[in-house]
Amino acid sequence: MKLCIALDLPSKKENLALLGSLKFNEQVWVKVGLRSFIRDGAEFLTEIKALNPQFKIFLDLKLYDIPNTMGDSVESIATLNVDMLTIHASSGREAMLEVMARLKAFSNPPLVMAVTALTSFDENSFFEVYHTGLETQVLEFAKMAKECGVNGVVCSCAESLVVKTQLGDEFLTLTPAIRPFGESSGDQKRVATLQDAKDARSDFIVVGRPIYKAENPRKVVETILENL
Ligand code: C5P
């Protein structure tokens, strides 16, 4: 299991300072989300690699658009030297196939993970949008993503084990909303601890606020790494 640290702080300076305060560890990936990418652009990715070229970058833009636009976008992302990206599974089969086809042209393409149900959804709020049960739909999204050649899905720990059991360990799961040691959940609904993530055979956990809001982020990261 790998740890993705969400770089969701209010400024580039603070995000880089956070990274600079951590000891490099190959189990640590860094997640650049919409806020940082909109504000700081591709240059931010270069600066992360300048801190340590071994940092693996997960660019979490959660693409959702028509197939051609999705294909064009992932081609652009693939030139940015990132290691993992996200799209929405609900963008559909054609879009996912297009994304994977476009990435075939690259010798070292990023891993593609399809978002199933955002971890800020609970059963009721998910039903309001999708008119179906959350767990059933996560598995349906995951099956479709696998058929399209996508590398794995983003889901909560509550669904990861079912996905792994049904689709096999090669198909990756990435689980956000981790509160490693039971910290406050904030806006996240389907939260899980580090132990839950292990039990759910998650390949990547994403941790944001429990690290960057901690008094001593380095200590939190070290404790997480000791317990991975
Ligand atoms: O602060 P927290 O640990 O809740 O941060 C979780 C991070 O993971 C945020 O950057 C959020 O955008 C992202 N994420 C998520 N749920 C998903 C996909 C990504 O929370 N399904």
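1. A polar contact is a pair of N or O atoms within 3.5 Å; within protein, one must be able to donate a hydrogen and the other to accept it, and residues adjacent in sequence count only if both atoms are side-chain atoms. For Asp8, the side-chain N or O to ligand oxygen distance is 2.7 Å. For Arg179, it is 2.8 Å. The protein buries 87% of the 470 Å² that the ligand exposes when taken alone (Shrake-Rupley method, 1.4 Å probe).

2. The model is predicted: local features need pLDDT of at least 70, side-chain atom pairs need 80 or more, and totals for chains, interfaces and linings use all residues. Numbering starts from 1 along each chain as its sequence is written, and side-chain values use heavy atoms, without hydrogens or water.

3. The ligand is surrounded by 16 residues (a heavy atom within 4 Å). Asp8, Arg179, Gln188, Gly208 and Arg209 are the closest. The shell divides into six charged, three polar and seven nonpolar residues. Strand S3 (56-63), strand S8 (204-207) and helix H9 (209-212) each supply at least two of its residues. Helices (H or I, at least four residues) and strands (E, at least two) are DSSP runs, numbered from the N terminus.

4. UniProt's "active site" annotation, from an unreviewed entry, covers Asp60, Lys62 and Asp65. Of these, Asp60 and Lys62 are in the lining of the largest pocket. Asp60 belongs to strand S3. Such annotations may be inferred rather than shown by experiment.

5. UniProt (unreviewed entry) lists residues 2-224 as "domain: Orotidine 5'-phosphate decarboxylase". That span is 45% helix and 18% strand. Its end C-alpha atoms are 10 Å apart.

How values were computed: Ala, Val, Leu, Ile, Met, Phe, Trp, Tyr, Cys and Pro count as nonpolar, Asp, Glu, Lys and Arg as charged, and the others, Gly among them, as polar. On a 1 Å grid over the protein atoms alone, a cavity is a set of points where a 1.4 Å probe fits but cannot get out, and a pocket is an open set with protein on both sides within 12 Å along at least five of seven lines; lining residues have an atom within 4 Å of a point.
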